[in-house]
Amino acid sequence: MRSGIVAIVGRPNVGKSSLLNALVGQKVSITAPKPQTTRHRIQGVLHGEGGQIVFVDTPGMHRASPKALNKFMNDAASNSLHDVDVALFVVEAGRWTDEDQAVLERLKTVTAPVGLVLNKVDKFSDKHALLPIMEKLAPLRDWAFVMPLSALKGANVNVLAKQLMDRMPEGPPLYPEGQVVSHDLGFTISELVREKLMRSLAQELPYALTVETEALEKEGNLLKASAVIWVEREGQKKIVIGEDGSMLKRIGTTTRRELESMTGGKVFLKLWVRVKEGWTDDPKALTRFGYEG
C-alpha cells in the first residue's frame, strides 16, 4: 500500500482548485474566475488500486498585503509545504508573472520533490508551441517532472495521477476507503454559498465577505441549514441582498440545488446578511469565521 500527501501551490487563478477536483474526480474545492477564491487548505483524497493520495489545495500565494486575511492565506499556503511527499507548482502555460517568480522563491526551502505543472494547455491549438515554454522553465529548478495538462478538459490529469501515485511512500491509508473530502457539511455549505457570491458579484465586494454556517439539522430526507453572509459595510449588505431580495434569493436557490444534487435529498436553506466592520483585518473575527493557520 502506498499513501502520501501532495500540496498544490501557485499564484492566484492558475487553476489549482480545478486541478484538485479533476484529480479526485468530483468537486471538492470551489472555483470562480476571480483570484483568491480559495481561502483555506482544502483536502481531497484520491483512492487508487493499492494507493491513496491526499491532495492539499492552497490559497494562491500573492503579494504581501497589510490585511490580516491576506496574511492568513499566504501563511496557509506556505505552511502546507511542510511534511509533504510531493509539491505541485502550478503555472499557467505561456504566462509567467512576478507572482509566479515569488512562489518559485518560496519553494527554495522545500525539501520534497517539486513537480512543475503547466495548466490551461487547452488554449494552445498548436501543442508544439508548448515546447519552447517548457524549455524556458525547465532550468529554473531541479524539477521532479514537468507536466503540461488541462485541468478543465482533463487532458493528462490521469497521467499526472499515476506519476504521483508511483512517488508515494509505502504506508497505510490516511483516510477511510470512499472518503474524498476532509471537511464537514457545514464547511461545504459555507463554501458553496461563497462560490455563488464570487461568481455573481462584481469588482471588490467578493473579497469583503465571508460565510458562516450557523445551524444544520437533518430530518429524514430533509436537510435544514441556515448560513450568515458577513460583509464589512451596510452598503455592501444592500448589494448582497439585492433589489427586493433578488440577489439573495438567487444565491440561495443555486446553492440549494447543488446541495440537493450532492446529498440526494431535499434541502431547506435560509440565508442572512450581517455586517461586521473590518472583519478582514480583525484577527479575532478571522478566528471566529474559521480562518486559522
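Modeller: Let's start with a term: two strands pair if DSSP finds at least two bridges between them. Keep in mind that what you see here is a predicted model.

Biologist: Okay, how many bridges join strand 7 to strand 8, and which way do the two run?

Modeller: There are 9 bridges between strand 7 and strand 8 (residues 222–231), and the two strands run antiparallel. For one example, look at lysine 218, whose bridge partner in strand 8 is leucine 223.

Biologist: What is the order of the strands in that sheet?

Modeller: The order is 7-8-9, in an open sheet of 3 strands with mixed pairing. At the edges sit strand 7 (210–219) and strand 9 (266–275), each pairing on one side only. From one strand to the next, the twist averages 15 degrees.

Biologist: Which strands does helix 6 touch?

Modeller: Helix 6 (residues 185–200) packs on the sheet and touches strand 7, strand 8 and strand 9. The direction of helix 6 makes about 130 degrees with that of strand 7. Then there's helix 8 (residues 246–263), which lies across strand 8 and strand 9 and runs at about 140 degrees to strand 9.

Biologist: Let's move on to charges. How should I read a salt bridge, and how many salt bridges does the structure hold?

Modeller: The general idea is that side chains of opposite charge can pair when their charged atoms come close. This structure holds 17 salt bridges. In one of them, the side chains of glutamate 92 and lysine 123 meet at 3.4 Å, N to O.

Biologist: Where do glutamate 92 and lysine 123 lie?

Modeller: Glutamate 92 is in strand 4 (residues 86–92), while lysine 123 is in the loop between strand 5 (114–119) and helix 4 (130–137), so their pairing ties together parts that are 31 residues apart in sequence.

Biologist: Is glutamate 92 buried or exposed?

Modeller: Buried means under 20% relative accessible area, so glutamate 92, at 13%, counts as buried. Lysine 123 is exposed, with a relative accessible area of 58%.

Biologist: Which residue meets lysine 162 in a salt bridge?

Modeller: That's aspartate 166, at 3.1 Å, N to O. Both residues lie in helix 5 (residues 157–167), 4 residues apart, which is about one turn of the helix. Lysine 162 counts as exposed at 55% relative accessibility, and aspartate 166 is partly exposed at 47%. Elsewhere, salt bridges that share partners join Arg11, Glu92, Arg95, Asp100, Lys120 and Lys123 into one network.

Biologist: What about pockets: what volume does the largest pocket have?

Modeller: About 420 Å³. The lining of that pocket is made by 24 residues, and Asn13, Val14, Gly15, Ser18 and Ala32 lie nearest its centre. Helix 1 (residues 16–24) gives the most to the lining, with 3 residues.

Biologist: Which residues is proline 113 in contact with, leaving aside its neighbours within four places in sequence?

Modeller: Those contacts are Asp85, Val86, Ala87 and Ala144.

Terms used:
Residues are numbered from 1 along each chain as its sequence is written. This is a predicted model: local features need pLDDT of at least 70, side-chain atom pairs count only at pLDDT 80 or more; totals for chains, interfaces and linings use all residues. Side-chain values use heavy atoms; hydrogens and water are left out. Axes are lines fitted to C-alpha atoms, for helices over the stretch in contact, and angles run from 0 to 180 degrees between N-to-C directions. Contact means heavy atoms within 4.5 Å. A salt bridge is a side-chain nitrogen of Lys or Arg within 4 Å of a carboxyl oxygen of Asp or Glu. Buried means under 20% relative accessible area, exposed over 50%, partly exposed in between (1.4 Å probe, protein chains only). On a 1 Å grid over the protein atoms alone, a cavity is a set of points where a 1.4 Å probe fits but cannot get out, and a pocket is an open set with protein on both sides within 12 Å along at least five of seven lines; lining residues have an atom within 4 Å of a point. Grid points are joined across faces, edges and corners, and a volume is the space filled by probe spheres set on the points.
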